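Welcome! Take a look at the structure below, and then we can walk through a few of its details together.

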Amino acid sequence: MKENVLFYQLNRCTGCQLCVMACSLNRKGVCGENESLIQILTHPLLGTSQPMIEQNCMWEDCDQRCIEVCAPGVLVMVKQKDWGKLLKTNKWNPVPVFSKEIQQ
Amino acid sequence: MSGGYINKVAWIDLTSNKVNILPIDNALKERYLGGRGFITRWLMDMVPANNSAFDPENILIFATGPLTGTNAPTSSRIEIGAIAPETGIISSGSAGGNFGTKLKRAGLDALVIQGRSEKPVYLYITNTGIEIRDAARYWGKDVYETDISIKNDNRESRLSVACIGQAGENGVLITTIMVDRVRAAGRGGLGAVMGNKNLKAVAVFGNGNIPIHAPNPFWIACEVIRKKAVEQFYKKRWDNGTYGNLIRYQGVGALTSYNSRATTFDHIDKICADHYNKNYRIGRRACMNCPMSCWTIYSIQSGDYKGFFGEQITATTFKETGARCGLYEMDAILKAHSDMNRFGLDTISTPSVIAFAMECYEEGIITRQDTGGLELTWGNGRAVISLIEQIANNTGFGIQLGRGVRICAQEWGNQAVKYALHVKGLETVGTDPRGQPSWGLGYATSSRGACHMRAYANYESGIGGVHGAMQDETMIHISGTTEIGERFSTTGKGKAGVFLEDMNAFGDSLGICKLMSRAELGLPESLVDVLNSATGSQYDPDSLYRVGERISNLERISNLQRGITPADDTLPERYLSEPIPEGPAKGKVCDLEPMLKEYYEIRDWSWEDGYPSPEKLKEVKLDRVGNDIG
């Protein structure tokens, strides 16, 4: 498991899914949410969004394109020594993790 | 081409309830790319010029581009087109949201919808196929109710729904098709075309993959564009969406106020971005694949509409429903805007026809007896909201207004035509071309009537400033003159207009947003690497530009076949001969003719019959009746 943890900034994700596209293109050379380890949940009525990651994100090495493409700066990779500091701000949360059967 | 496209188009006949899925011809992709290009080609091929918009033979097309649903910034777009009932000519428009991406993920590049169903239906599209389903339970519902009901009934919140409200069902001519509740496309009455086909909605969810020809080069090419987009536009959109532009038009004396009686609005502080941001905005969101979040969420916290929750405000909201109607109660503007979205009304044409009626009321051309008792005074928010409902439901005074300003003016007589601001039957946008002349040329030559988005000539206020999407040196290069930045000079404006129209034509065909295709980022030099690495095509900037030129010329031929003549490439008389009475552009009229002559010259179109010359036709590989050649 990676030493660093992906955090997201509350109330800042716009739901654009460029992170999803970046991940799927990087992993499988296609554009599509099924191949991406990061997903965006958008409320169908209010339009608010937040990211979540499939558990394999914690093991797969990558060049962190999801962070690079995020214009509002929603995502940040955080070392253990800074976890507490970020959580204390009430502005950042670790990106929730889910699991599903995916093609490796 | 090995990427970008799914290579499948669904041909849907609502008369026979048949669906046929066919591959896309490679020559079609090469010549027309997708989106607006496909729409223009298919309408030319399939709808004879003597067919009206409400004939079952009219086809309604939803077409993505090769970049739709990819990493290319702003590539969420779906282009929707048909022959439009308000104008009688081709109309196509682009909507954001999620629909285009989900359609491609469901395994389709486009839907071509023919015929007319006997009863209300909707299309249900997923990875597993297309179903034509009964929509009786949704008929009569507004756009929001339809969107939510279809999701509820199918227990699938991830659906993206394109649908019509009551206005489209009732055949109102100033309707659009609404996508994801608050995104719109199809000025000129495409909502009524959809209603005429008894098609209430298209609901789509797909989660398949879109292939990319060369993933790593594609990533690099997209990143170049994305970084520039963020650098130039991200903060501006984050802070003020697209509605922040309102102040720019006010500043140059080009903000249509009181139906263009004035070009500055005396209550601008009540309808500007600062006021909205401080008192109403509660969040932001973005269309899929877009780093420039112009989409805001708002709520009204007090007053008559307390608790009201809405989405998606643009400069149009404040220009048309606000300044144009003399309305400066923000609560009423937001409520009216949301109502238009719910009913599926065009948020430009509807306030436009109301403002036109207000001026006719003030001039005594119509009276309280005509309006059903409504006091149509400037800024009467309750009257605006009431009329929106009447127009959508085809009741009361709304029956007349729902046909647009051209027909109203013809019927009302008594100088009403003087106040009817339209070109080719489509209402003008709330930017007054006397204060911003290049917009006047754009209205006059736009292939779908008075639309600002065909040329999107916003460079006049950008030269030497910070607002324009094009850099000074780019516009000088395009127009061939340093005079291009002088607002009231006419030199170079025709040449620039041609280039910008063609640039937007291929941009609309790729599946990207106007925020890109009207700006530096939409130049052919900016986009060829993205396109070629996505699809495996071999375009260079010239050949990509030529696709846009071909589409513009094909739209032109289509318009000529449908009765448009060079005399229709003009502006309402007010803009040509009535000097602005006040403000920064005081005393100005729009000097259209020299710009138009230059435009025709560069286009190589005949001043007499409007047709492209034989040489131009050969260059764009079309014949005089619009067939592909060579």
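## A helix with a buried side

Let's begin with α23(B), whose buried residues are Leu592(B), Met595(B), Leu596(B), Glu598(B), Tyr599(B) and Arg603(B). A residue is called buried if 20 or more other C-beta atoms lie within 10 Å of its own, exposed if 12 or fewer, and partly exposed in between, with C-beta atoms placed from the backbone. In general, an α-helix has 3.6 residues a turn, so residues three or four places apart point the same way.

Helix α23 of chain B covers residues 592-603, and its twelve residues reach 16 Å from the first C-alpha to the last, close to the 16 Å expected at 1.5 Å a residue (1.5 Å times one less than the number of residues). Helices (H or I, at least four residues) and strands (E, at least two) are DSSP runs, numbered from the N terminus. What covers the buried residues of α23(B) includes α16 (437-445), α18 (493-510) and α22 (573-577) of chain B. After α23(B) comes Asp604(B), with a positive phi near 65°.

## About the model

This is a predicted model, in which local features need pLDDT of at least 70 and side-chain atom pairs count only at pLDDT 80 or more, while totals for chains, interfaces and linings use all residues. Residues are numbered from 1 along each chain as its sequence is written, and chains are lettered from A and ligands numbered from 1 in the order in which they are written.

## Where the chains meet

How many residues of chain B are in contact with chain A? There are 28, and they touch 21 residues of chain A; contact means that the C-beta atoms, placed from the backbone, lie within 7 Å. On chain B, β13 (210-211), α7 (215-240) and β14 (281-285) each supply at least two residues of this side. The largest share, five residues, comes from α7(B).

Strand β2 (residues 30-31) of chain A runs antiparallel to β13(B), joined by two bridges; strands pair if DSSP finds at least two bridges between them. Val30(A) has Pro211(B) as its bridge partner in β13(B).

## Two positive phi values

Gln17(A) has a positive phi, near 70°, and lies in the loop between β1 (5-9) and α1 (18-28) of chain A. Gln17(A) counts as buried because it has 31 C-beta neighbours inside 10 Å.

In chain B, Tyr258(B) has a positive phi near 50°. Tyr258(B) is partly exposed, with 19 other C-beta atoms within 10 Å.

Key. Contact = placed C-beta atoms within 7 Å.
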